[in-house]
Every structure is written in C-alpha cells, then in structure tokens.
Amino acid sequence: MGIISIKNLSVSYGNIKILKNINMEINERKITAIIGPSGCGKSTLLKTINCMVEEETLSRVEGEILFKDNNIKEMTKEDIRKEIGLVFQNPTCFPFSIYKNMVYAQKYYGNTDKKKLKHMVEEKLKIAGLYDEVSNDLNKSALKLSGGQQQRLCIARALTVDPQVILLDEPCSALDVKNTKNIEEMLSKLSQDYTIIIVTHNLSQAKRIADYTAFILNGELVEYSDTETLFSNPKDKRTREYIEGIYG
Amino acid sequence: MNRYVKDLLLKLWCGISGIMVLSTLSFIIIYIFMKGFSSINLDFIIGAPKGVPIGSEGGIYPAIIGSVYLMIIACVFATVLAISTAVYLELYCKNEKLLKIMHLVIHCTAGIPSIILGMFGYTFLVLRLGLGRSLMAGGITLGIMIFPFIEIRVEKILNEMDKNIVYASYALGLPKSYTFLKLLLPIYKRDIISTVLLAGGFAIGAAAPIILTAAVMYAPVPRTVLAPVMALPYHLYILIGEGISVENAYGTAFVLIVLLLTMNILPILNSLSRGGE
C-alpha cells in the first residue's frame, strides 16, 4: 500500500475530459516521475492530488484519492495541502524578503518565536542547498535572486510546513543545466525523508532521479513501473514510441 | 494616400486632441484660480459664513470640514464594501452565472445618475431609516456612488495579479483569508490606497447626491454623524444659483479645485514613492 492511492480518477474541465480512469499507487519516500507529451494531463494529475484543481472553475473530479488511507475529499483542503506541498513550474516567490517568504506560512500556524523561526529558516534553506548563497542577506528581496535560486527558495518554502509529500510541476523547465543539476541532487537527498512526485518533460531527468515512472498519454495512464523497467523494457508500444521520441 | 501621410495625420490628430484637452483643462483651472484668488484670505478659509443672505460675507470653514467628513464616510463605507466584493468575486466565487450577474449589477450602479442616487438616499436613508438630512445619510449616498469606482479597480488589480502566487500560498495549506490579508493586501496596498484617494476626489466634488441627503445652506461644523452639514459643492451651487455672491463662489471653487487636485496628486506621489523602495 502506498502513501497515496489514486483510484478510478477522472478529471474534466467543462466537457473536456483531461484524465481518464487513472489508477496509481505512490510509494512512500521515493521519487515518482510523471512523463508524457504536452497537454496529456500530467499537471492536472498533480494539481488534483492536492486539490488545487478545485480552484479552477468548471473542473470536475470523479474517483478517489487516498492519502494514508484517508479519502482526501473528507479532509479539508488546507489539511491536504499542508501534508502535500506543491512547487510550480515557474518560481512563485512572494515579493517579500527571503526571510519573510520562509516564515510566511509559519506565522499562520502561530509560530512567532524568533529563535525557533530563525533556526527553521536556516535548516530548510540548507536542505534546499540555498543557505550558503543567501545566508549573508536574508532580508534581500526574493525577487532579486536568480531563477534557479528562486526555485530552490520555493522548494525550501514548501518544506517549511513539514509536508510528507512534495509535488513538483516541471520545476526545472525554466532553468539552465547547472541549476537543474543542483535541484536534482537536492531532490535525491530529499527523497530520504519525503515522498516526491515530479512532472517532467525531460526524459533523462526522470531516468536520472526517479525510482518509479508513470507515462501518461491523452489522459490515460499507459504504463507505470520502476524507472529502469519503463525505460529499458517498456511493455506498451506507445511508451516505447514516446521514449524513442516519436511523440512530442 | 501613402503610409507616411497616414501616419503623419494620425500623429497630428493625437497631438491636436492632446493640446485641446490640456488647454481646456488648464484654462478652467487658471481661470478659477485667477477669479477666486482675490477672495482667498485666512478669514475665508477658517471663518464661518456670515451676512444676509448668508454666505455673502464670511468664510467657508464649515463647508470645507463638512466636505472632508462626507468624503471620509463615503470612502470608509465604499472601500469596505468594494474590497469585500472584489475579494469574493476574485477568490471565492466559482459560479460563472453569479459572476456575470454581479458584474452587471456593479456596472449598472456605476451608470446611475448621481441625482437619482440622491433621491434614493433621500427616500430610503433620510426618510425611511430616519437618519434625517445628515452627514451619515450623505456619506452613505456618496459611498454608493463611488462603490463601483473602487470595486471595479480593486477587482482589476486582483484579476491581473499572478495567480500562481496565490496558488503558491494555498499550496502551503493556507486559507484564502490569510492569503488575502497577509499576501495580497500587503502587495497591493498602495494600488488600493491610490484607488480610494481618487474615489475620494470623485466624492468630494459631487453635489447631486448630497443636495437632498446631507447638505444645508448653513450649519456649524457637525458634532455628530446625524447632524446636517455644509459642503463645498452645494455651497457653491447656492452662492451662484441664488445670486448671493459671485466672488465667494469663485473662492469656494478655488478651494474645491485645490482639494481635488490634492486628492488626485496624492496617488501619483504614492506610486512615485514606491520607486524609492
């Protein structure tokens, strides 16, 4: 039994069905990559897992998602999102200082002890591999950081609420090779403590970091297995064609 | 006609239009300043109207204060409603039909002639709710007038923001209320303040909504919100309309224009000071 079980999940916007009958088990403390061509529903799947899809008008979700055997429909959105964090494709730093970005969520949960907050900020920034670069100037505006640093700050910020699962929606698509490498190394380390689901366009990235990989095409889950099997010995013809670069 | 001539004509048209608008505007302002300046002295600013008929001598202090009070009440009333409406429509409302209906209502409110708002204020607030001709009744009526002005702008501000920032806040398990109060409000505080100041300028210059609801020919500076008040636009209307004193009317117009210009310049200063941050 995985930490997240997706059962017969279908999602539609208006009359358009984006995801069709997805069944998946996500394993705890592993990296699961979701690959597939543009517009196949990868991001929608991610957004459905932490109920972000419900913020969009006209979306309809059928089927169920269990988080630790609890149906997420029976939990509040806030509780789910606290347990299942989401990092977006483009960095979404708030236009505040680095420090304020990091303590933003903690203040809601009532942590105002400055010492504890400072310790927490340091710890999470270290995990995200950003601390050494910004430790001298935590009051600098987050928007003045480079793209890669901003994305790492967003990951560090997602960690501040101590989630169990982190969802990442193509976190490296706007970054160069060096920053991508930094983030991949960080994710591999994070997977010792957190469950990670990453949507990626980049097949070699999935191959490098993921323990499991799922291939989605036109809203259907075509194949889902451990990364090595999926890439070296795909069972489905469509998966093989995608890996060989026939689709998008 | 070749492209070069077309381009030149368009430029000419824009240039002439710009000059016409600017010159008309500056003419009005300069004319009022020149005519009104002679009536302006300290007694005019801080004195109460005197003479028979009242207003032919003395000052306009109660009208200045009355106008400022009316504006403050209108701004508070309208801002609270407008921000909550805009937040509801932008962050909470998922029902497309309801959204459309709300937008229609708000745009229609913006189109209601101000004298009709005054009539509504008179029948509903002054008579039905028994507020009487008062600061409160006039302030609320002005508030209804500037409500769509503020709501439409605040909603636009929220609509043009980067939605991903809002979703990033939700993704931390934070509710919408916290996201609005601690993230969006601090980010857009200045824009919202500028909008409210502009709306205040709109309210302070309006005569029609307060003719029936708040303004009187003479009243001291009000001590309660239920007292009737003097107001600059109404005072101006009376001075000219009843032929009481043309000089004092220009003096009043001068003060009103200065107040209005201040209300319009403040938002510019407000946004300029952002550059320094």
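Q: What makes A:Glu122 and A:Lys126 a salt bridge?
A: One thing to know at the start is that this model is predicted. The closest N and O atoms of A:Glu122 and A:Lys126 are 3.1 Å apart. The rule asks for a Lys or Arg side-chain nitrogen within 4 Å of a carboxyl oxygen of Asp or Glu, so the pair counts as a salt bridge. Both residues lie in helix 4 of chain A, four residues apart, about one turn of the helix.

Q: Why can such side chains pair up at all?
A: Side chains of opposite charge can pair when their charged atoms come close.

Q: Why is A:Glu122 called partly exposed?
A: The relative accessibility of A:Glu122 is 26%. Partly exposed lies between the 20% limit for buried and the 50% limit for exposed, so A:Glu122 gets that label. A:Lys126, with 47%, is partly exposed too.

Q: How do you know that A:Glu55 and A:Arg81 form a salt bridge?
A: Their closest N and O atoms are 2.9 Å apart, and the cut-off is within 4 Å, so the pair passes. A:Glu55 sits in the loop between helix 1 and strand 4 of chain A, while A:Arg81 belongs to helix 2 of chain A, so the pair ties together parts that are 26 residues apart in sequence.

Q: Are A:Glu55 and A:Arg81 buried or exposed?
A: A:Glu55 has a relative accessible area of 7%, and A:Arg81 has 2%. Buried means under 20%, so both residues are buried.

Q: Which residue of chain B forms a salt bridge with A:Glu55, and what makes it count?
A: The partner is B:Lys176, with the closest N and O atoms 3.3 Å apart.

Q: What makes A:Arg152 and A:Glu133 a link between parts of chain A?
A: Their side chains meet in a salt bridge, at 2.9 Å from N to O. A:Arg152 lies in helix 6 of chain A and A:Glu133 in helix 5 of chain A, so the pair ties together parts that are 19 residues apart in sequence. A:Arg152 is buried at 3%, whereas A:Glu133 is partly exposed at 43%.

Q: Which residues are joined into one network by salt bridges that share partners?
A: The network holds A:Glu54, A:Glu55, A:Lys77, A:Arg81 and B:Lys176.

Q: How many residues of each chain are in contact with the other chain?
A: There are 26 residues of chain A in contact with 20 residues of chain B. The two chains bury about 2000 Å² between them, 70% of it on carbon and sulfur atoms. A:Glu55, A:Tyr104 and A:Tyr108 supply 29% of the area that chain A buries against chain B, more than any other three residues.

Q: Which residues does A:Glu56 touch?
A: Leaving out residues up to four places away in sequence, A:Glu56 touches A:Tyr13, A:Lys47, B:Lys94 and B:Tyr167. A:Glu56 lies in the loop between helix 1 and strand 4 of chain A.

Q: How many helices and strands does chain B have?
A: Chain B has eleven helices and two strands. Of its 277 residues, 45% count as buried.

How values were computed: Residues numbered from 1 in each chain as written. Chains lettered and ligands numbered in written order. Predicted model: local features only at pLDDT ≥ 70, side-chain atom pairs only at ≥ 80, totals over all residues. Heavy atoms only, no water. Contact = heavy atoms within 4.5 Å. Buried area = accessible area lost by both parts, 1.4 Å probe. Buried < 20%, exposed > 50% of the residue type's maximum accessible area, 1.4 Å probe, protein only.
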